[in-house]
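Please read this report with the structure open beside it, and look for each named part as it comes up.

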Amino acid sequence: MSTDRDQALSLVLVDLLLHDRRGRFLVARHTDSMGWHLPGGVVGQEESIADAAVRCSKEFTGLSRQVSDAILIDQTPANDGQGKPAELIVVVHAGTVLPGETDMAVATPPKGWVLQWLHRYELGDFTLACQKQRIERALSSGERGMRVPLHLHGVPAPAHH
């Protein structure tokens, strides 16, 4: 049985897997933290995962993306010793950017953030182990065409732009 306290200590996050045509993917790092990870953010209380993904894409890159599928779901249990809430991370496939959008995507990140394009072989040099594993698995799922349609109230979420 879950309690109100359990629910208050859980966050749903969305991460974006965004590719360019050179085989790179976009990563983000907050200037106050170590390691690069996929850009994304918290899904708001009144927001669907698809809506949050579209919002995060616009906030991080300025690009409007169509999002309708998840490619990976990851969980981080709560850490009571550090007061860290449990996290459910939904990685969505945010598509491939066009050549003219590649530079634009990293040009104006939100304040305090840095964006960079990486190749898969660079992951170990730039990311923490847990982020590397999440990104590797998301890349593998995407390459295999593994998709889970996002739903809202049991109905497929409309493709957003």
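## Basis of the report

This is a predicted model, in which local features need pLDDT of at least 70 and side-chain atom pairs count only at pLDDT 80 or more, while totals for chains, interfaces and linings use all residues. Residues are numbered from 1 along each chain as its sequence is written, and side-chain values use heavy atoms, with hydrogens and water left out.

## The nonpolar cores

In soluble globular proteins, nonpolar side chains tend to be buried together. A nonpolar core is a set of buried Ala, Val, Leu, Ile, Met, Phe, Trp, Tyr and Cys residues joined through side-chain atoms within 4.5 Å, where buried means under 20% relative accessible area, exposed over 50% and partly exposed in between, using a 1.4 Å probe and protein chains only. The largest such core has 24 residues, of which Val14, Val92 and Leu150 touch the most other members. At least two residues of this core come from each of strand S1 (10–19), strand S2 (25–30), helix H2 (49–61), strand S5 (86–96) and strand S6 (113–118); these are DSSP runs numbered from the N terminus, with helices (H or I) of at least four residues and strands (E) of at least two. H2 gives the largest share, six residues.

A second, separate core of 15 residues includes Leu17, Leu72, Ile89 and Leu139.

## Helix H2

The 13 residues of H2 should span 18 Å at 1.5 Å a residue, and its end C-alpha atoms are 18 Å apart, which agrees; the expected span is 1.5 Å times one less than the number of residues. Among the buried residues of H2 are Ala50, Val54, Cys56 and Phe60. The buried residues of this helix pack (heavy atoms within 4.5 Å) against S1, S2, strand S3 (40–42), S5, helix H3 (99–107) and S6. After H2 comes Gly62, whose phi is positive, near 80°.

## Two aromatic pairs

There are two aromatic pairs in the structure. Rings of Phe, Tyr and Trp (its six-membered ring) pair if their centres lie within 6.5 Å, and planes under 30 degrees apart count as stacked, over 60 as edge-to-face and the rest as tilted. Trp36 and Phe126 form an edge-to-face pair, 6.4 Å centre to centre with 75° between the planes. Trp36 is in the loop between S2 and S3, whereas Phe126 is in helix H4 (residues 123–126), 90 residues apart.

Phe60 and Trp113 also form an edge-to-face pair, 5.2 Å centre to centre with 75° between the planes. Phe60 lies in helix H2 and Trp113 in strand S6, so this pair ties together parts that are 53 residues apart in sequence. Phe60 counts as buried because its relative accessibility is 4%, while Trp113, at 22%, counts as partly exposed.
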